[in-house]
Amino acid sequence: MRDKIAKPDITTVLAEVASAVVGKFEMKALLDQIINTTMETLHAEVSSIFLIDEEEPNILKCVAGSGFAKEIVGIAKYEIGEGLTGTVAKTGKGYNHKNPEDHKQFTIEGKKVWKGKYDHIQWPSGKSEFRNGIGLPLKIKDQILGVIKAENKNPTYGNFFTDEDVITFKTIANVIALTIENARLHQKAEEQSKTLSYVASAVVGQFEMTALLDQIINTTMETLHAEVCSIFLEDKEEDPGILKCVAGSGSAKRIVNKAKYKIGEGFTGTIAKVGKEFNIKSLKDLENLEVEGKRVWKGKYDSIEYSSGKSKFRNCIALPLKIKDQILGVIKVENKDEKYGDSFTDDDLDILKTIANVIALTIENTKLHQKTEAQSKKLSAVLSDVAGAVVGKFQMKALLDQIINITMEMLHAEVSSIFLIDEEEPNVLKCVAGSGFAKRIVGIAKYEIGEGLTGTVAKAGEGYNTKSPKKHQEIEINEKKVWKGKYDHIQWPSGKSEFRNGIGLPLKIKDQILGVIKAENKDPGYGDFFTDEDVNIFKTIANVIALTIENARLHQKAEEQSKRLSGALADVASAVVGQFEMKALLNQIIHTTMETLRAEVCSIFLEDKEEKPGILTCVAGSGWAKHIVGSAKYKIGEGFTGTIANVGKEFNIKSREELENLEVDGKKVWKGKYDSKQYSSGKTTFRNCIALPLKIKDQILGVIKAENKDEKSGDYFTDEDLNTFKTIANVIALTIENARLYKQIEEQLKTIAAKAAHRINNQVTSYDGIELDLLDEVEAKESKKKNLRNLLKRLKNTTENLKSMINDFKNYGKPIELVKTNNDINEVITNEIWQAGPPESIKINSHLDKRIPIFKFDAGRFSESIKEMLHNALRVMQEQNCGNQINISTQLIDSNVDSSEDKKYVLITIEDDGPGFPVNFPVFSPYHSTDPQRTGLGLATVKELIEAHGGTIKLSQKKEQGTHFEIQLPIIGGVL
């Protein structure tokens with residue numbers, strides 16, 4: 001009990017995780033939040049999270065931890081399948097180990113999996129502090145993200161983690177997994193934006209060609225321990241076929257911007273022509289070098305390089321600078337520093353080959369940058385805007401509008417549109433945003449994947465650039481014309497197309513197509529059509545746009561799901577805390593379920609395992625299901641409802657036809673047993689439903705169904721609705737079972753000792769009367785034996801009653817056992833009126849129906865109830881000097897108004913004109929009394945005794961003051 005009282009409800013947990021999603025995208029802060037939440041929820045002393053490493057997808061790394069697990073954060077690693085942690089990730093199954101031995105001996109497929117690989121780090125003393133623990137995989141659908149563990153249950157809350165803890169942990173683990181994945185996606189998008197922004201700033205600041213070439217010269221000389229280095233490049237646009245010295249050090253510095261060779265001329269030109277490397281060990285080797293039978297060395301610029309007239313050349317390595325098969329130029333490294341060797345080695349040549357690839361790429365990248373510097377600045381600004389949208393706008397409509405504006409501005413387009421794959425119809429693209437003439441088809445235009453030009457782009461995953469209306473209409477993909485003009489009449493009501501040109505691209509993440517984005521009608525001030533350069537720019541930002549849209553969707557889903565679950569679970573939780581009366585609780589659940597799932601109808605069927613085992617009875621319902629509450633019953637396994645309880649699985653039925661044709665184990669299950677009651681018109685109004693068993697562990701409590709999705713919210717219930725329903729169903733089942741247990745506990749905890757004490761007080765009153773009568777007899781001049789015998793009989797009866805109460809005290813906590821014999825209820829009431837002995841100021845009036853037969857009831861126990869009620873009324877009326885009448889009556893009733901069954905019962909009314917009870921006072925609740933000096937067990941005991949007889953008692957305050965009790969007692973075994 002202590003654990004249940006102290007444990008925070010699941011609503012708080014989900015609310016905290018939801019706030020982490022909204023407010024904490026920085027991974028470390030998020031993981032710390034999850035660790036804290038896990039420990040607080042499960043009363044754990046230790047928690048840890050292992051995530052699959054993105055760079056090593058077969059490795060789990062400990063990324064967060066508390067308690068002794070904190071020692072292995074950033075250290076512990078397991079391969080998938082290694083140890084207990086790796087096994088959880090591999091199998092996707094969790095564990096609950098209640099002691100160290102279970103932990104160490106745990107086997108899967110006949111093999112022990114525990115390793116204790118990092119025990120020496122967690123517990124340097126050598127003594128393990130592990131007592132118990134649970135571990136679960138973190139997964140989204142079938143994708144494992146990692147493992148989360150909670151260890152060492154706080155002893156204040158239990159000796160180990162319970163199955164209820166595991167259910168709670170599973171519930172929040174789904175939200176935790178979604179939160180981590182969402183944060184990763186957000187972090188990737190943010191990092192990508194920052195990286196692109198950083199590269200753009202690097203291009204602007206450090207790609208000036210002269211500085212770059214000097215940097216290459218210095219790096220090469222330092223790496224290879226050379227004294228001289230030179231770079232020759234071909235300017236294909238200004239001076240094609242000519243290699244010009246653009247950078248140099250040492251003696252080569254003197255020929256920068258002066259030395260020029262035709263490709264194929266001299267040693268330098270030959271390197272560029274043949275595209276191969278050379279390692280020259282001496283000047284003589286250089287002078288005698290032949291290629292294709294001809295000496296290649298010329299010494300064309302020796303007079304400039306060596307002003308003394310004597311060459312200082314000793315050795316060199318040289319090779320072409322190329323990207324794929326394209327020659328950019330030549331790099332030469334000369335005169336190995338004699339401290340490091342007599343000449344360049346083959347290893348030196350290999351090193352130069354390695355860095356030459358980077359050098360060539362850097363030079364080419366710099367050339368491209370110089371050509372497109374303005375474009376890069378603009379692209380940087382655009383990507384900055386998109387990054388701003390990622391960080392600041394998770395509301396989808398605002399995000400899409402932002403993307404449309406960026407696209408038009410960037411490409412100087414007059415029109416732009418976005419089509420996204422519909423989540424509920426994954427084969428359909430819908431126009432979700434647009435500008436210009438495309439604005440007219442937003443929310444209207446739809447294409448199946450593969451239909452028209454838009455659908456074909458989504459199917460093929462490839463874009464287009466059409467430069468005129470004719471080319472647009474004649475575009476072919478896979479040898480078929482794809483253009484349809486399906487919505488031309490909406491875009492151009494005049495009937496005349498305004499389309500001039502356009503580009504379209506798929507929006508995709510990896511190989512997943514999200515939709516299509518289009519830009520149309522290039523502003524004539526910037527060109528006649530979109531260029532290939534425009535397409536490349538569009539491709540660049542489309543990647544960020546796709547990631548942005550997907551991230552926003554994930555965030556929105558997580559936020560909506562968290563809010564929905566938090567709200568639903570909050571309602572159910574408040575019902576648990578505030579309403580243990582079963583009828584009110586069931587009505588609360590019905591209301592919460594309908595509101596959460598936007599359903600028109602809801603019903604709950606429960607099994608009463610004690611009274612009617614194997615039978616599901618409708619105990620609560622709304623809409624048409626309200627008509628079958630209390631009457632609809634199914635055997636477990638019978639009909640759709642009974643089948644759900646029998647197989648223990650959920651169903652999502654999307655039409656009446658699907659329900660009628662549903663088969664389980666080869667048999668149709670639907671019966672429509674109560675359709676005539678539910679649909680008074682005779683015509684069913686059923687459209688769709690989701691249904692699932694209410695269960696705790698493997699114990700089925702009943703079935704809950706939500707029917708007819710509100711048509712404003714959708715055509716039928718989605719899988720997301722079903723998942724939401726599953727989540728709250730766990731709490732609903734726990735709530736119902738908790739209410740049942742509460743009722744049982746309330747009944748059991750009515751203290752027999754207190755009841756006995758209360759009854760003894762009533763009996764003492766009898767002793768007081770006997771004592772007074774005995775005193776009168778003693779003081780009388782002549783005592784009568786007859787009076788003494790009567791007093792002795794009364795004394796004996798009172799003593800026997802006391803012994804009976806002591807026996808009740810011994811049987812504390814046991815159900816009330818009645819001894820029913822044939823008795824006259826009117827006689828029992830008359831005797832109690834006589835024994836009450838009211839004062840002269842108060843009159844007790846009786847109106848007893850003589851038609852009431854002798855029937856079976858416990859006269860002794862029932863008389864206690866009448867005695868209690870009369871004594872209460874007399875005491876209060878005398879103490880407060882209010883009222884002077886008590887009326888008690890009996891009446892034979894032929895049928896019970898609360899039941900369709902034909903049976904007889906006695907209606908007993910006891911009313912007075914005393915002060916009455918305060919409004920909403922819990923009259924029959926134990927330990928509640930208007931007199932602080934009394935125990936408050938009197939009327940609670942009366943209610944218990946009458947209900948034990950199968951009867952009912954209620955208070956009807958019909959006047960401003962006074963009380964009016966009505967008792968219904970069934971007549972069993974009546975004798976007329």
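**Exercise 1: a charge and a ring**

Find the ring under the charged end of Lys649.

Solution. The charged end of Lys649 lies over the ring of Phe651, 5.5 Å from the ring centre. The test asks for NZ of Lys or CZ of Arg within 6 Å of the ring centre and within 35 degrees of the ring normal.

A word on the source: this is a predicted model, where local features need pLDDT of at least 70, side-chain atom pairs count only at pLDDT 80 or more, and totals for chains, interfaces and linings use all residues. Residues are numbered from 1 along each chain as its sequence is written, and side-chain values use heavy atoms, leaving out hydrogens and water.

**Exercise 2: aromatic pairs**

Solution. Step one: rings of Phe, Tyr and Trp (its six-membered ring) pair if their centres lie within 6.5 Å; planes under 30 degrees apart are stacked, over 60 edge-to-face, the rest tilted. The structure holds 19 such pairs. Step three: Phe232 belongs to strand E9 (residues 226–235) and Tyr261 to strand E11 (residues 260–262), so the pair ties together parts 29 residues apart in sequence. Strands here are DSSP runs (E, at least two residues), numbered from the N terminus. Step four: Phe232 and Tyr261 are buried, meaning under 20% relative accessible area (1.4 Å probe, protein chains only).

**Exercise 3: a cluster**

Which residues do ring pairs link into a cluster?

Solution. Phe917, Phe921, Phe924 and Phe965 are linked this way.

Terms used: Helix = DSSP H or I, 4+ residues; strand = E, 2+ residues; numbered from the N terminus. Buried < 20%, exposed > 50% of the residue type's maximum accessible area, 1.4 Å probe, protein only.
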